Amino acid sequence: MTKTIAMAGKGGVGKTTVAALLIKILSRKGLVLALDADPSTNLNQALGLALDDSQTVGTIREKMSDDVSKGRLSPTIVKQEYLFGKIVESLAESKGFDLLAMGRPEGPGCYCASNRFLRDSLDKLVEDHKYSYIVMDCEAGLEHISRQTTRDIDVLLIISDPTIRGITAAGRMKKLIEELRSNVGRAGLIINRVRGKLTPELKKAIEDTGLETFALIPEEPGMSELEMAGKPVTDLPQQSPLQLKVKEIVENLSL
Ligand SMILES: Nc1ncnc2c1ncn2[C@@H]1O[C@H](COP(=O)(O)OP(=O)(O)OP(=O)(O)O)[C@@H](O)[C@H]1O
Ligand SMILES: [Mg+2]
């Protein structure tokens, strides 16, 4: 059985950072599909993988509809098969994991048929490649979760900074996700970039979300140096506080 783990949370709280470390750690246990569901496409950088714009599902889909409208696609080609073939070609492969970037979402109007195409393609991809894990880095707006272009979620990690505003937003997100889809297994909160102790006000706000706290991740002193050197977060030493915390999350959640 493939386990799907998704990140959610408001902008800039550390979704991509945690996703990248999680992917690296899980890739030592089984094959991982890293799914970048953020249109700004930067999970590959956090993992130190090169990716060009033509390698996103959004670009593939746009090219396909352009080819269809200009009559460049043979009428005998089954669109579903064409899309699937292109998605497989666009996978960025690395040791223990493959990365798929969703890229830009569809234009105005919701083409549910093509969302279904995409979901079917993802299902087939997972079946063919026998991934043990899917780790999905979402954008703050929850586009893919709400459009259900992706599969069921076993574990949802809602990430927040240690602020009342962030935690309130995390609580709202939990409600929204519950309303949008019932197929989320376990959801919990990760408070990232914690310095010192949580205040009683923060503890109260956390309690009010009704979410279980999966982990408190400390502010990582080595991060800014890595960022300035343009290095991937996965270059952090194995014994760094951030690496150790993400390992602990994997163990505590029995992933
Ligand atoms: N524990 C941490 N300690 C220090 N810096 C951190 C930590 N977690 C994340 N950061 C830094 O915070 C910034 C935002 O992180 P990241 O890009 O992972 O957030 P995000 O939630 O994916 O953002 P976006 O919503 O834009 O996709 C980055 O510069 C990252 O290096
Ligand atoms: Mg991100």
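Thr2 sits in the segment before strand 1, which spans 3-8. The model is predicted. Thr2 has 14% relative accessibility, so this residue counts as buried; the cut-off for buried is under 20%. A polar atom of the Thr2 side chain lies 2.9 Å from the backbone oxygen of Tyr131.

Ligand 1 has 17 residues around it. Which of them come nearest? They are Thr16, Thr17, Glu220, Met223 and Glu227. By class, the shell around ligand 1 holds five nonpolar, six polar and six charged residues.

Polar atoms of the protein approach ligand 1 at several points. Asn192 places a polar side-chain atom 2.9 Å from a nitrogen atom of ligand 1. Asp38 has a polar side-chain atom 3.3 Å from an oxygen atom of the ligand. With Val13 the backbone is involved: one of its polar backbone atoms is 3.1 Å from an oxygen atom of ligand 1. On its own, ligand 1 has 640 Å² of accessible area, and the protein covers 80% of that. Helix 1 (15-26), strand 7, strand 8 and helix 9 (223-228) are the elements that give two or more residues to the shell. Helix 1 supplies the largest share, three residues.

Helix 8 runs over residues 200-209, and its buried residues are Leu202, Ala205, Ile206 and Thr209. Why do they lie on the same side of helix 8? They cover an arc of only 100° around the axis, and therefore share one side of the helix. The other side of helix 8 carries the exposed residues Pro200, Lys203, Glu207 and Asp208.

What do the buried residues of helix 8 pack against? Their partners are helix 7 (164-180), strand 7 (184-194) and strand 8 (212-218). Strand 7 and strand 8 are also among the elements that give two or more residues to the shell around ligand 1.

## Ile87 in helix 4

Ile87 belongs to helix 4, residues 79-90. Is Ile87 buried or exposed? Its relative accessibility is 0%, so Ile87 counts as buried.

Neighbours within four places in sequence are left aside here. Beyond them, Ile87 is in contact with Val57, Ile60, Leu100, Leu118, Ser121 and Leu125. One of these contacts, Leu100, is 13 residues from Ile87 along the chain. The C-alpha atoms of Ile87 and Leu100 are separated by 7.9 Å.

Thr41 is not a glycine, yet its phi is positive, at about 45°. The residue lies in the loop between strand 2 (32-37) and helix 2 (43-47).

Ser254 is another residue other than glycine with a positive phi, near 50°. Where is Ser254 found? Its place is the segment after helix 10, which spans 241-252. Ser254 has a relative accessible area of 51% and is therefore exposed, the cut-off for exposed being over 50%.

How values were computed
Residues are numbered from 1 along each chain as its sequence is written. Chains are lettered from A and ligands numbered from 1 in the order in which they are written. This is a predicted model: local features need pLDDT of at least 70, side-chain atom pairs count only at pLDDT 80 or more; totals for chains, interfaces and linings use all residues. Side-chain values use heavy atoms; hydrogens and water are left out. Buried means under 20% relative accessible area, exposed over 50%, partly exposed in between (1.4 Å probe, protein chains only). Helices (H or I, at least four residues) and strands (E, at least two) are DSSP runs, numbered from the N terminus. The arc is that of the directions from the helix axis to the C-beta atoms. Contact means heavy atoms within 4.5 Å. A residue is near a molecule or strand if one of its heavy atoms lies within 4 Å of it. A polar contact is a pair of N or O atoms within 3.5 Å; within protein, one must be able to donate a hydrogen and the other to accept it, and residues adjacent in sequence count only if both atoms are side-chain atoms. Accessible areas come from the Shrake-Rupley method with a 1.4 Å probe; for residues, only the protein chains shown count as cover. Ala, Val, Leu, Ile, Met, Phe, Trp, Tyr, Cys and Pro count as nonpolar, Asp, Glu, Lys and Arg as charged, and the others, Gly among them, as polar.
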